[in-house]
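Please look through the sequence and the structure below before reading on. The briefing that follows takes up a few selected topics, one group at a time.

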Amino acid sequence: MRLTIVGCSGSYPGPESAASCYLLEAEHEGRTWRILLDLGNGALGQLHRYADPLSIDAVLVSHLHADHCLDLCGYYVMRKYHPTGPQPRIPVWGPAGTAERMARAYDLPEDPGMTEEFAFQHYDGPVELGPFVIEAHEVVHPVTAYALKVTAGGRTVVYSGDTGPCPALDEVASDAHLLLAEASFQTGDDNPPDLHLTGADCGRTASKAGVERLVLTHIPPWHDAARAEAEARAEWAGPLDLARAGATYDV
């Protein structure tokens, strides 16, 4: 399984990266399967650098904040009006209400909204898609939000989505080969509870969960990523990277 960081900027697109979007690819039955974890604002344009957007098999949305889902609007336009003709519907998994949220985002009537382009489904047990098995675990955030565990070929990537520290994240991250964890907050700031992780939180989660590699993501442009990295390193002795657009990981 290969992970490509399409976008990793927190809260809004930054000067170096689009907002959250992560491409996972794996071979299965003679072809490459491709899924996206989130499709935040600015990410669709950057996706062209790494894969044909029309080759994506499914999109899995962690939660319905704009920096994680808003480029579904552009993707809707692409699939509906592409010069080769309307594209087949593809599945989009997300929290309950995703179809209605996206219709409102593009000022569409809820019926049909984007349902002719996307087969919207809400998380209700494991999702099996080609070589991938995806499990969604609800975490703490002001809106319904999920950490996503993706397994293929016996290897596992866990994506925190947006979350504060919580037992559910520790549980889903257990023994992950790669933990992609958001580090939006800084230790010592007056941070609201149940909203985001600090770099130190990410390091502690990686240590408790016994992961193989930790990758910090979703750092807002107003913060110094080096501080998040230093916080995580103080709590975690294993391999650690800062996510950057275009980086790839063979998991």
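**Backbone, strands and a helix**

Asp175 is exposed, with a relative accessible area of 55%. This residue belongs to a predicted model, and Asp175 is placed in the loop between H5 and S12.

- Most residues other than glycine have a negative phi, and most peptide bonds are trans.
- Asp175, which is not a glycine, has a positive phi near 65 degrees.
- Asp107, also not a glycine, has a positive phi of about 55 degrees; Asp107 lies in the loop between H4 and S7, and it counts as exposed because its relative accessibility is 70%, where the cut-off is over 50%.
- The loop between helix H4 (98-105) and strand S7 (118-122) also holds Pro112, which is joined to Asp111 by a cis peptide bond with an omega of about 10 degrees.

**Paired strands**

- Strand S3 (residues 21-28) and strand S4 (residues 31-37) run antiparallel and are joined by seven bridges, with Leu24 having Ile35 in S4 as its bridge partner.
- Two residues separate S3 and S4 in their hairpin, and Glu29 in the turn has a positive phi of about 50 degrees.
- S4 also pairs with strand S5 (residues 58-60), here in the parallel sense and over three bridges, and Leu36 stands opposite Val59 in S5.

**A mostly covered helix**

- In helix H6 (residues 199-209), eight of the 11 residues are buried, including Asp201, Cys202 and Thr205.
- The buried residues of H6 pack against helix H5 (167-173), strand S12 (178-182), strand S13 (214-217) and helix H7 (225-235).

Conventions:
Residues numbered from 1 in each chain as written. Predicted model: local features only at pLDDT ≥ 70, side-chain atom pairs only at ≥ 80, totals over all residues. Heavy atoms only, no water. Pairing = 2+ DSSP bridges. Helix = DSSP H or I, 4+ residues; strand = E, 2+ residues; numbered from the N terminus. Buried < 20%, exposed > 50% of the residue type's maximum accessible area, 1.4 Å probe, protein only. Contact = heavy atoms within 4.5 Å.
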